[in-house]
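Here are a few notes on how the strands pair up. Have a look at the model first, then read on.

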Amino acid sequence: MNKLEEALDTYWNKHKTNPGVAHAYKHKLIYAWCLSILIVVILGIVFAGKATMFQGIAEASETTISLPSPTEVVKVHVMPGQSIHAGDTIIELNRPDLVLRISEVTRELDAIEGRSSLSTAEIDQKVAEVKSDLATRSLALKTEIRDLETEYQKNKELSAKLKSLKGSSAESKGPDAMAMRIKSLKNELAVLQSNANEQIKLLRSSGRLQKNAGATEVENLKKELAELQKQQAELIQIAKEDWVVGSVNARDGEKVSSFAPIVTLTHKSPTLVRGYIHERMYQRMDVGESVKVRTLGGTGKAIKGKVVGLSSRIVPFPNRMWKMPEMPIYGREVIIQIPEDNPFLLGEMVTISE
């Protein structure tokens, strides 16, 4: 500072006769303040919205094997730390309630099919009875009608002969009454046939209704049976991709409660980074933004990552990120997806930059 002042004094003594230099030297403090403010404003504009660097922890996505119902462990085929490949058997489970329900649904389906066959046979039998009764009563009515028509015809011929006799006082009431009787019997026969047809129609309709109702019930039971069989198939857990066994929380023969984690699986290499941005600059990151991830020491090639999640609240940093044990740090949690082919170790601290 003394050298700067000496240089300024030397420059002043040399050019103090210059009016411009004299004015600038006189107001040097004001000019210095203005220049400082201008530099701060320019830096603020240039670096506005730019996050510097923040730290995170390399993690791997996990999956947990559990069931929504109480389960019995039959056999565990893996152990913690073991690497497994797609197609390997992880664990065999058993649900006695599932086996019981499958048996019940199967019996209900068999019973419905049996009842459907029996109902169809009963309806066919009732239809046959109606037809038989109709045939018997129709035959009796037709016989009576035929006999009356024969007698009516004879009486009509006899009446015609009597009317031909001179002075005959024969009346025609008898044949008229018989004609009405024949007409009444014919009407009765028509009504009998109509009633029988209606009964048969109702019986057939009730059979179709029962069949439709049975079909709906059968369809629902078949859907339930398919779902139960799917759950039964899931009792033998097969790996669908390569994993590393994280933990095994049950032994052979042990009973496990609903949703209790039985086995946890993780990837061998980290697949995501859980970063933490300080609460003073938590708005400097957006979902979908690309970032670079390096080791904490900054060595090695940077891995390109993508922001896939941002927490909706301020959370405390992990203890290992605190600069002082008694002074916690708070910020926003950022989830960054990285390629599986990376040099990081599980749980390793990394540096994240835009």
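**Notes on strand pairing**

1. Starting with S5: this strand runs antiparallel to strand S6 (residues 236–238), and 3 bridges hold the pair together. Glu 92 is the residue facing Ile 236 in S6. For the terms, strands are DSSP runs of E, at least two residues, numbered from the N terminus, and two strands pair if DSSP finds at least two bridges between them.

2. Before going further, bear in mind that this is a predicted model, where local features need pLDDT of at least 70, side-chain atom pairs count only at pLDDT 80 or more, and totals for chains, interfaces and linings use all residues. Numbering starts from 1 along each chain as its sequence is written, and side-chain values use heavy atoms, with hydrogens and water left out.

3. S5 (residues 89–94) also pairs with S3 (residues 71–76), antiparallel again, through 4 bridges. Here Glu 92 in S5 has Lys 75 opposite.

4. What joins S3 to S8? 2 bridges do, and the two strands run antiparallel. Glu 72 has Lys 255 in S8 as its bridge partner.

5. Put together, you get an open sheet of 4 strands in the order S6-S5-S3-S8, with antiparallel pairing. S6 and S8 (255–256) are the edge strands, each pairing on one side only.

6. Elsewhere, S4 (residues 83–84) and S7 (residues 243–248) run antiparallel, joined by 2 bridges; Ile 84 sits opposite Trp 243 in S7. S7 also pairs with S9 (residues 263–266) in the antiparallel sense, over 4 bridges, and Val 245 has Leu 265 of S9 opposite.
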